[in-house]
Amino acid sequence: MNFLQAVFLLGASALIAIAPSTVMAQGVDEQMLLHPPADSWPGYHGDYSGRRHSALTQITPRNIKNLALAWVFQTDQLAQIKSSPLLVAGILYFTVPDNIWAVDARSGHQIWHYIYPPNNGEHIGHRGVAMYKGYLFFVTPDAHLVSLNSKDGTVRWTVVVADAAKGYWTTMAPLVVGNRVLVGVSGDFDNLTGYIRAIDPETGATQWQWNSTPPAGTPDQTTGGMTWMTGTYDPDLNLVYWGTGNPTPVLKGTTRPGDDLYTCSIVALNPDTGKLVWAFQVSPHDTHDWDAVETPVLVDGDFHGEPKKMLMQTSRNGYFFVLDRTNGKNLLTSPFGPLNWSLGIDKQGRPIPNPAKEPAPDGRLIAPDEGGLTNFRSPSFDPRNGLFIVDAHPSYSLYFAKPADGVYGWAGADYDVWGKGVIEAIDYQTGKIRWSHELGPEGSGAGVLTTDSGLTFTGDAMGNFLALDSSDGKTLWHAGSGSHIQSSPITYELDGRQYLLTSSGGVLFAWALPPEQ
Amino acid sequence: MNFLRLALHWNLWLAAPLIMSLAHAAAQTPPDSAPAGTAVKQGGPVVRKSYPPALVRSGRDLFRQDCSFCHGRDAGGGESGPDLTRSKLVTEDVDGDKIGVVVRHGRPDKGMPPFDRSDQQIASLAAFIHTQQSRALSRGSGGRKGVDAVDLQTGNAEAGKQYFEGMGGCSGCHSPTGDLAGIASRYRGLELEEQMLYPRHAKSRVTVKLSLGQTITGNLAYLDEFTVGLIDSTGVYRSWRTSDVQYKVDTAVDAHVELFRKYTDADIHNLMAYLETFR
């Protein structure tokens, strides 16, 4: 290649990286997933890093007082929206169990609405669709994967992902890596093996499967390790990062002595083969239902003066972890709220569970509660301030387990005693909380989005959407939504305007500055 | 700023009296205190209403889809939802008259959403839940999850008295012959222990000072960053923008929260044993 060719290529790739996509007909391709244009949100996390941090700066701390409602979409049904919408080629795609809506992002009007047939699977929630080319990928309560045509919601094919009759269900937004659709499964009420399956987007055929735990019935071994939520991806290292869920039986560990690999772990898999490259266990021998499926956020930056490729997770068990994502070595383990169940941290950076705080016949007071110090709510990494910002849930609960509860499924009982919500901005190099913002009693279901103009978007326990100053957590804007916020915000640019998209109850809200500004 | 919430959901105002009474009705009591009419007695002959199998099956399928995540597939309790087979509300329910209300309104203060279900669907859910309750109670001790009052009785009442009057600091606000007299007759077992650790339904007093100096005191009814509301002495709801007033919430209940990090589990069981003497 000569110099002029090289310059042209460099210029062309720069344009692709930052300009709005003008070639819309093909939907989502590999380049869009690697370098999402400003007018897109092509996957659950927005990009492969999971930072949920936007470069858009049209909305600023100075002008946000003028942020106004652009439109609202009402689903007219009771299920709460827990999904992150996709925005591709001016159309939003979002879900509740059994349902996908395609909505015009300019007018807020419905283009099509798909309903999966009635089924007996778990309808606890749904995180959204994945997209590749002009195809959508949608998991169902009865553990099927449906692929649809994005232009009209017609079904291309349906495949079984897991056996719902055994107790599996699916809720997650799949992750597209290359020509693979990665799907995870759920199911804690039975002793089941957890797994991630890679599926061919054209045909629905299984390409590979990675099991997180041994087959049910293996002596002295655990089951569980459900792969509840969407992972992240590093294209340079070619590693997919995923969190796994808790062991089963849940509250009783007597039939599964030892660490219970690979439950409550952050794992790095080769996406081409599904082989495990490394694993770090967040909760060895968990007995409190504390999945480690929270977003594994990928950050390149300095750690104590050295450049590092990091992976960060605020985990349900109450600890904030920073790992070297090239090899899984621990860089930092630090509590981000009250916790009383561990004896400390071992040499590998893993918490050591206190046997005296395992569920007992007369009950144990445990911090945090079963829902955990955080949960499905997406955190955000703000590189400008070096802050990992999370919707946390300081809480206490009672945990019980007795021989009569058996060794299948839940195998015990737990009861929340007290909890609240608070946004915590964690300095990632030390684990110290630089600022916090109270959200109210019981806690908030809202996730966090940050932007380069220094804004943090989230919501409180009373259903107020909030915009905070990322440097100190002060409230800059709010709007009462009238219901429970159970989703994480997204943002994109369309027609030269920056939109913030939030949801509450069964309603989707689009916010923007008035057009003349 | 402290946030106390007595009305989570925007429409809780309309439902507040209903939800308060439902919350009380759902208190978990030992089976031998269930009303004779619904007739489930532990140890003795079990009299149970039997439901058409087809109705129970369709209730089971509906339960599996909407309810089982929180209440367990067998209605014995699951992620964050109580064991319905031990629920007093279920025991007192007749063909869904009480269950239907909870299903359709949810329990916003406890995180249960509402479900839009027809009368026929409610009837099928009730048939399934009652069948599960009958099964659980007639099976004896095997296979039950959930907590009986006797499970919690591993403490020492004298040690609990020492804690109450000493390190726990409880006697600073409470008295066994005063506000807590008869508490163990009003609450039993797990519910007594939960209230002891954190009294969810305790009302907080709030004093609001207006810009011209007038102060108004009442029971806190709503609080977020932007609005404070109270029920005044005449029973009327009043609210103000937090930016327009100064307000002070009586945070006595926070003393319970302060104790969480100080308790040993033995302290909790001893305190329970002591409280159980306040009949």
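A residue counts as buried if 20 or more other C-beta atoms lie within 10 Å of its own. In this predicted model, A:Glu294 has 29 other C-beta atoms within 10 Å and is therefore buried.

**Surroundings of A:Glu294**

A:Glu294 sits in the loop that runs between β20 (276-281) and β21 (297-303) of chain A. Apart from neighbours within four places in sequence, the residues in contact with A:Glu294 are A:Gly243, A:Gln313, A:Thr314, A:Ser315, A:Arg316 and A:Thr374. A:Asn375 is 81 residues away from A:Glu294 along the chain, yet the C-alpha atoms of the two are separated by 6.4 Å.

**Chain A as a whole**

Chain A has two helices and 39 strands. For its 517 residues the globule rule gives a radius of gyration of 24 Å; the value for chain A is 22 Å, close to that figure, so chain A is as compact as a globular protein of that length. The C-alpha trace of chain A spans about 65 × 55 × 50 Å along its principal axes. Of the 517 residues in chain A, 58% are buried. Among contacts in chain A with a separation of 6 or more, 57% are between residues 24 or more positions apart.

**Contact between chains A and B**

Chain A contributes 41 residues to the contact, and chain B contributes 47 residues. On the chain A side, each strand in the table supplies at least two residues.

| Strand of chain A | Residues |
|---|---|
| β27 | 364-366 |
| β30 | 395-400 |
| β31 | 413-427 |
| β32 | 433-441 |
| β36 | 475-480 |

β31(A) provides the largest share of the side of chain A that touches chain B, with five residues. By residue class, this side of chain A divides into 18 nonpolar, 13 polar and 10 charged residues.

**A helix pair in chain B**

In chain B, helix α9 (residues 189-197) packs against helix α11 (residues 265-275) at an angle of about 110°, and their axes are 10 Å apart. That angle makes α9(B) roughly perpendicular to α11(B). The crossing in which α9(B) passes α11(B) is right-handed. From α9(B), the contact is made by B:Leu192, B:Glu193 and B:Met196, and from α11(B) by B:Leu271, B:Met272 and B:Leu275. Five of the residues in this contact of α9(B) with α11(B) are nonpolar, none is polar and one is charged.

Terms used. Residues numbered from 1 in each chain as written. Chains lettered and ligands numbered in written order. Predicted model: local features only at pLDDT ≥ 70, side-chain atom pairs only at ≥ 80, totals over all residues. Axes fitted to C-alpha atoms, helices over the stretch in contact; angles between N-to-C directions. Helix = DSSP H or I, 4+ residues; strand = E, 2+ residues; numbered from the N terminus. Parallel < 35°, antiparallel > 145°, perpendicular 65-115°, else oblique. Left-handed = near helix turned anticlockwise from the far one by under 90°. Contact = placed C-beta atoms within 7 Å. Nonpolar A, V, L, I, M, F, W, Y, C, P; charged D, E, K, R; others polar. Rg over C-alpha atoms; globule rule 2.2 N^0.38 Å. Buried ≥ 20, exposed ≤ 12 C-beta atoms within 10 Å, placed from the backbone.
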